[in-house]
There are 2 protein chains.
Amino acid sequence: MNTLQRLIGQPVGHIDTPALVIDLDAMDRNLATMAKFARTHKVKLRPHAKMHKSAELARLQIKSGAVGVCVQKTSEAEALVAGGVYDIFISNEVVAPLKLARVAALTRLAQQHGGRIAICVDSVEGVNRLAHVMNESRAATGVATTIDVLIEINVGQNRCGMEPGEPAVALALEIRKHPPLNFVGLQAYHGRAQHLRTVAERRAAIAAAVKAASDTRQRIEAQGVAVGLITGAGTGTCALEAASGVYGELQAGSYLFMDADYGANERDAADPRFEHALFVKTQVMSAHAGHVVCDAGHKSHAIDSGLPQVHAFSERSRLEYANGGDEHGILRPAAGSSRLPSLGSMLWLIPGHCDPTVNLHDHLIGVRGGLLKGVVERIIKVDGRGALT
Amino acid sequence: MNTLQRLIGQPVGHIDTPALVIDLDAMDRNLATMAKFARTHKVKLRPHAKMHKSAELARLQIKSGAVGVCVQKTSEAEALVAGGVYDIFISNEVVAPLKLARVAALTRLAQQHGGRIAICVDSVEGVNRLAHVMNESRAATGVATTIDVLIEINVGQNRCGMEPGEPAVALALEIRKHPPLNFVGLQAYHGRAQHLRTVAERRAAIAAAVKAASDTRQRIEAQGVAVGLITGAGTGTCALEAASGVYGELQAGSYLFMDADYGANERDAADPRFEHALFVKTQVMSAHAGHVVCDAGHKSHAIDSGLPQVHAFSERSRLEYANGGDEHGILRPAAGSSRLPSLGSMLWLIPGHCDPTVNLHDHLIGVRGGLLKGVVERIIKVDGRGALT
């Protein structure tokens, strides 16, 4: 960290490789684009912090208009609360007693700071376990804390979540039996839909999700229970959820950095435009007649959504990245006319998937003024790196 | 870390999930098997510490007969030297001036502790850059340190490395011009061969590597330059390099933990038998009619060599793991007869590839006495986690 702090004010050329670098100008434009998009659609933004796991970036998003953030893990919430972020939605189920005790403690802490913790459930047992620790916490501390609870419904991801309709209605009534649980609404997130390539596929998937969520809300409200919020959406589909009139909060997270993989989606006219703002800086460490090797392999960037793209500053510098293992990337000219870079040349990779890429790094290096002539402005800690529990 | 230290002496059931757990009994058997294998074949073992990145495990391997360890990155070497490991081969090229200065400093430090640093080169420019920093270091400190240098030759990986034969001969003569560089031999590692599935393919690949290495040695020695060492081999092919009479050191690393992916290789009669000793402990956090969801996704384990396998304690508990994204795994019965585990059930995943899986975790939890009834014996730090530069 001290070595990294010494980089502040230095030109990008001084950043050792491989390193994860944010183009702060591009990130700021993405922040502004998303804030304007949410305002225009009169929908709230609660970006997913599982992407960056950084309290500094979460605070920046909130300063730019977000109502709070989402996380997936209790330990991510702990890392953000420790970094001064107090309005957090754990958009996932937590059933382990040890973790639930930590959720209860976080709920008290967030409330002390004027914030709140919300969490998902998708089973009666999950509701009972959560109510149990909240009651225990109340008894032990004498403080009457409540936690906001959302029912996750399965709108096509086929992972977690109750089936929409009657099963969700029964669970809502179950939640209402427990005073420390404050039923606030439904999570209807369709993760798979984010990367459906055609506009038509994404529209059909989100139309079905909207219908399932809206129908479930009606059925729950017919029982006299208000459904204050429906939340979901990612960067790939947020224009659809925003236009639905049904979703009250958007959970998009990748918009801040933009994955290479999202670039493969066919664009809808209504989709907001975001720029790649996250790069792995790498350099050529072995040069050969037909290829060169760079020092960034899949310990530097995640490859679950495909290999990284090599950022091209000109048509003649276009390169293709092939998997060279944990520590190497193999680069070949993307077209006959491209030149191979020489030993020591700096290159910039656009990760296929930002979330697990950031999770490989302890710090993000923020650069102002572009990748060629920029200067390191700040070092951003990935507070929740490796926060798995 | 403090929370983890409190686990020592506790039953495995108390380990929160997901977590990376070593079956210490299985690991000890793997250590003994490999030590005996190397003794039998009269070949030295220098295991690759890029796999575990842990000084404690490197010291354990050395105590079990290894002559030292390999690493891929300067920062990995720094992490191990800081942890008391002083005989390290950086089995990779380093060309960045900032990194080379660190290599020179490490070389001095290792020599002060009676150890040594070795490194690969594959270009004249690389040799000149290395000689330059070693000369600078000598001038600045007044200490005459030397670094052991190996020429990496390309024996089929088609990544780094000089072509075998004359190009390598010329480079050996170049190295000899520089007093601080001590030419010790050749690296002839065939990474791709490790995962060739049939015995015949692996035999053919390593036979070609042995021939290329042996021929290159003859040509260099014909110039009056001794080639003291040929090094290479991984867990998938080490029986072939060991039997060749040409390789003096084996670099196998995965044998300590064993990847799920190695299990897919057709076994050769001469291959030593290793057991899976590394597991991701996970639990069911959402249960449904046809599937359950566990709390370990690809932020808990690497999927570059395939998805993890679910360890089965009995035929009826066999499950198949499907990708559920960064934080989830989706589990379905592997056969019609299998039962789905209930909410909160503990499960154990065998990672497809140990190296990048370990790199996701700050600590390994060592368990003695098996996965069902074992007790946490020690917490092992992954000193080089995220050491990329």
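**Figure 1. Chains A and B of this predicted model meet through the same surface, since 100% of the interface residues of chain A are also interface residues in chain B.** Counting heads, the contact draws 45 residues from chain A and 45 residues from chain B. On the side of chain A that touches chain B, the elements giving two or more residues are β4 (87-93), α5 (97-112), β10 (278-287) and α10 (354-358) of chain A. β10(A) gives the most, with four residues. Sorted by class, this side of chain A has 14 nonpolar, 17 polar and 14 charged residues.

**Figure 2. Here's how the two copies are related: turn chain A by 180°, shift it 0.0 Å along the axis, and it lies on chain B with an RMSD of 0.0 Å.** The pair is thus related as by a two-fold rotation axis.

**Figure 3. Zooming in on chain B, helix α4 (residues 74-82) packs against helix α5 (residues 97-112) at an angle of about 25°.** Their axes are 10 Å apart. Angles under 35 degrees count as roughly parallel, so α4(B) and α5(B) are roughly parallel to each other. The crossing of α4(B) past α5(B) is left-handed.

**Figure 4. A closer look at the residues where α4(B) and α5(B) meet.** From α4(B) come Thr74(B), Ala77(B), Glu78(B) and Val81(B). Facing them from α5(B) are Lys99(B), Arg102(B), Val103(B), Leu106(B), Leu109(B) and Ala110(B). The contact's class tally is six nonpolar, one polar and three charged residues.

Key: Residues are numbered from 1 along each chain as its sequence is written. Chains are lettered from A and ligands numbered from 1 in the order in which they are written. This is a predicted model: local features need pLDDT of at least 70, side-chain atom pairs count only at pLDDT 80 or more; totals for chains, interfaces and linings use all residues. Axes are lines fitted to C-alpha atoms, for helices over the stretch in contact, and angles run from 0 to 180 degrees between N-to-C directions. Angles under 35 degrees count as roughly parallel, over 145 as roughly antiparallel, 65 to 115 as roughly perpendicular and the rest as oblique. A crossing is left-handed if the near helix is turned anticlockwise from the far one by less than a right angle, and right-handed if clockwise. Two residues are in contact if their C-beta atoms, placed from the backbone, lie within 7 Å. Ala, Val, Leu, Ile, Met, Phe, Trp, Tyr, Cys and Pro count as nonpolar, Asp, Glu, Lys and Arg as charged, and the others, Gly among them, as polar. Copies are superposed by least squares on the C-alpha atoms of residues with pLDDT of at least 70 in both.
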